[in-house]
Amino acid sequence: QVQVWESGGGLVQPGGSLRLSCAASGRIYSMHGMAWYRQTPGKQRELVAATTSSGSTNYKDSVKGRFTISRDNGKNTGYLQMNSLEPEDTAVYYCNVDVRVLGTMTLESYWGQGTQVTVSS
């Protein structure tokens, strides 16, 4: 039906930057909400940033001013620009998208496989 994948993770030193990308493909009529989550071993997945189709955004308090979520609806893609990275940002980052599926026109949620971000000197 719909596939979602993330890219752009890696190893970066504290204070550095990374840009994560999220791409959705398949039977997509329209893309609605899009969000980035992260998870570390033994902890629950937590919301980092989210954006709606109208462009409104919200962020986890600890990333405000450092991370920026954006999207390109025409390409069914999204991004998470991460600046001033801290060791506490180390996690697997997941993209979640809400799409209206072509044909059924149902609104469904899909996850990517995750991309590792490691912040360490």
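Residues are numbered from 1 along each chain as its sequence is written, and side-chain values use heavy atoms, with hydrogens and water left out. Because the model is predicted, local features need pLDDT of at least 70 and side-chain atom pairs count only at pLDDT 80 or more, while totals for chains, interfaces and linings use all residues.

Beyond residues up to four places away in sequence, Val 97 is in contact (heavy atoms within 4.5 Å) with Val 4, Cys 22, Ala 24, Met 31, Gly 33, Met 34, Glu 108, Ser 109 and Tyr 110.

Strand β8 is largely enclosed by the rest of the structure, because five of its six residues are buried. Here buried means under 20% relative accessible area, exposed over 50%, and partly exposed in between (1.4 Å probe, protein chains only). Strands count as paired if DSSP finds at least two bridges between them. Six bridges join β8 to β3, and the two run antiparallel; Leu 20 stands opposite Leu 80 in this arrangement. Six bridges also link β8 to β7, again antiparallel, with Tyr 79 as the bridge partner of Ser 70. The hairpin of β7 and β8 has four residues between the strands, and there Asn 76 takes a positive phi near 50°, although Asn 76 is not a glycine. At 18% relative accessibility, Asn 76 counts as buried.

Met 105 lies in the loop between β9 and β10 and is partly exposed, at 32% relative accessibility. Together with Tyr 29 and Leu 102, Met 105 makes a nonpolar surface patch of about 290 Å². Such patches join nonpolar side chains (Val, Leu, Ile, Met, Phe, Trp, Tyr) within 5 Å, or like charges within 9 Å, from residues with over 30% relative accessible area and no salt bridge; areas come from the Shrake-Rupley method with a 1.4 Å probe. Tyr 29, in strand β4, is exposed at 51%. Leaving aside neighbours within four places in sequence, Tyr 29 contacts Arg 100, Val 101, Leu 102 and Met 105.

Six salt bridges (a side-chain nitrogen of Lys or Arg within 4 Å of a carboxyl oxygen of Asp or Glu) are found in the whole structure. One of them pairs Lys 60 with Glu 46, the closest N and O atoms being 3.3 Å apart. Lys 60 lies in the loop between β6 and β7 and Glu 46 in β5, so this pair ties together parts that are 14 residues apart in sequence. Asp 61 and Lys 64 meet at 3.0 Å, N to O, and both are exposed. Arg 66 and Asp 89 meet at 2.8 Å; Arg 66 sits in the loop between β6 and β7 and Asp 89 in the loop between β8 and β9, so they connect parts 23 residues apart in sequence. Arg 66 is buried, at 11%, and Asp 89 is buried too, at 1%. Through shared partners, salt bridges join Arg 38, Glu 46, Lys 60, Arg 66, Glu 86 and Asp 89 into one network.
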